[in-house]
Structure formats: structure tokens, C-alpha cells
Amino acid sequence: MNQRAHPAPAGTARVPAQSRSEESAREAQGFPAGRPAARGEHTHSEPPIPQPRPAVQRASVRGQILDALRTALVSGELAPGEVYSAPALGERFGVSATPVREAMQQLAQEGAVEVVPNRGFRVVERGARELAELAEVRALIEVPVLLRLARSVPAERWAALRPLAEQSVRAAATGCRATYAEADRAFHRAVLALAGNEQLVQVAEDLHRRALPLRGARAELMADAADHAALLEALIAGELDAVRRLVAGHFAAAG
């Protein structure tokens, strides 16, 4: 026989009895079974709060677009001096304008593009003098560090960088400036990382990016990559005079 529930005393809030499905949902969220919900707890069979997946996906898309834009800049697909809008680039890459605009803002901070109000972003056009100045600054930073490392880093640690030097040679052989730029960056980063100074590495990488897009045919890329291989062999052999000559020549050619 059904029992009638006794009415709650006046002035007392009535707590509705939870169904089994509600109780199971609460247990899935980590609440003890059978315990009444405290004020502020969700009790209407609400699903657990989802993780912020859209934000993660958006960051991933922005990173992919940034990489794609850098490749387009180095390869010359985005031409120096030209203005590109975020919506047009978004349509080109099959994404909305938002991640493109965010990636372009990052490139503007790096000095690769500049903002053109109400139009978009202009690809920076660097003249011979500016490229020579960037090469000089890179040399002022990297040459003393590399010469110091040449006196202290053991041969086996230099030998461990051979795959990166060989990769830069293979990348140069393709004639693709974007492919070579990435291999060149990886080699220089690995060399400077031996100094144990992450700020140094970041500054050098920023200068490396500002010197792009690379200007040069396949033969010039091959010559630049050959410097990497020769420099590494001189470092392994401990030939400091050869190291000094090769490093100075490498950055002079870059300018």
C-alpha cells in the first residue's frame, strides 16, 4: 500500500527526492551516493562540464596557420610589398579570418609583416642594406659564442649534430627556400643551445626570421649548407683557426 509523504513543517524548504538516474549522474561527477545536494550543486541530470576543446583546437589551428604563413613568406608565395587581408587568406587556407589575423599579428611582432589599417597586412620588403645589417648583428651575437664553445665543448657533442648538418645539405639540394630555412634554423639553434642560454637562442631565432625570406638560387643554398658541414668538421677536429674563418665567412655570405 502506498504511503503518503508527511508535509514538511512550515518554513522548511522541501528537497525533492532524486531519481536513480539523477543519483547515478551525481556519482559520475564525484558526489557521494545518497547525499543531498549542497546549495549550488547541479542536480538536474546535467552532464559533466566538458573540457575547453574548442580553445585547444583554435590554438592548434592558429599554430598551423602561422607555420603555413611562414612557409609562404620564405618561399615568396606571399610577395614582399604586397598587402593581404585576413579574410582572403582565411579563404585560401580554408579557415575563418580569426586564426589568420592572430597569426599575422604574431608575424607583425616578429617584423615579417606590418599592419595596414582597414586593409590587412603588408609583407615587409627588406633591401640589401637591411639584410646586411641583420647578418652583421647575427655575427656579433653568434660568432663569439661559437668560438667560446669551440674551446669547451667536447668533440662527441659536436659529432652528435652531424645529422642536422646533413639535413641542411639535403634541404638545400631541393632548391626550396622554405625547406632550407627550417633546416638552417634547426642547425643554428642546436649549436647555440650548447651554450645553455635559452634567451640567446630566442634572440638568434628572432634575427634569423627577420632575415627571411631567403634570397638565393639552389647553388647559393648549397654553398650555405656546405658551410655547416665544414664548420662542424672543424669543430670536431678542434681546429680553431678554421672555425674562426668559416664562421666569419658564413655570416659575410649571408649579408
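Predicted model: local features only at pLDDT ≥ 70, side-chain atom pairs only at ≥ 80, totals over all residues.
Which residue forms a salt bridge with Arg244?

Residues are numbered from 1 along each chain as its sequence is written, and side-chain values use heavy atoms, with hydrogens and water left out.

Now, the partner of Arg244 is Asp241, and their closest N and O atoms are 3.2 Å apart. By salt bridge I mean a side-chain nitrogen of Lys or Arg within 4 Å of a carboxyl oxygen of Asp or Glu. Both residues sit in helix H11 (residues 240-254), 3 residues apart, so about one helical turn separates them. Helices here are DSSP runs of H or I with at least four residues, numbered from the N terminus. Asp241 is exposed, at 61% relative accessible area, while Arg244 is partly exposed at 36%. For those words, buried is under 20% relative accessible area, exposed is over 50%, and partly exposed lies in between (1.4 Å probe, protein chains only).

The whole structure has 14 salt bridges. One of them pairs Arg62 with Glu102, with the closest N and O atoms 3.0 Å apart. That pair links distant parts of the chain: Arg62 is in helix H2 (residues 53-75) and Glu102 in helix H4 (residues 97-109), 40 residues apart.

Last stop: Glu130 and Arg126 form a salt bridge, their closest N and O atoms 2.7 Å apart. Arg126 is buried at 8%, whereas Glu130 is partly exposed at 31%.

Methods: Helix = DSSP H or I, 4+ residues; strand = E, 2+ residues; numbered from the N terminus.
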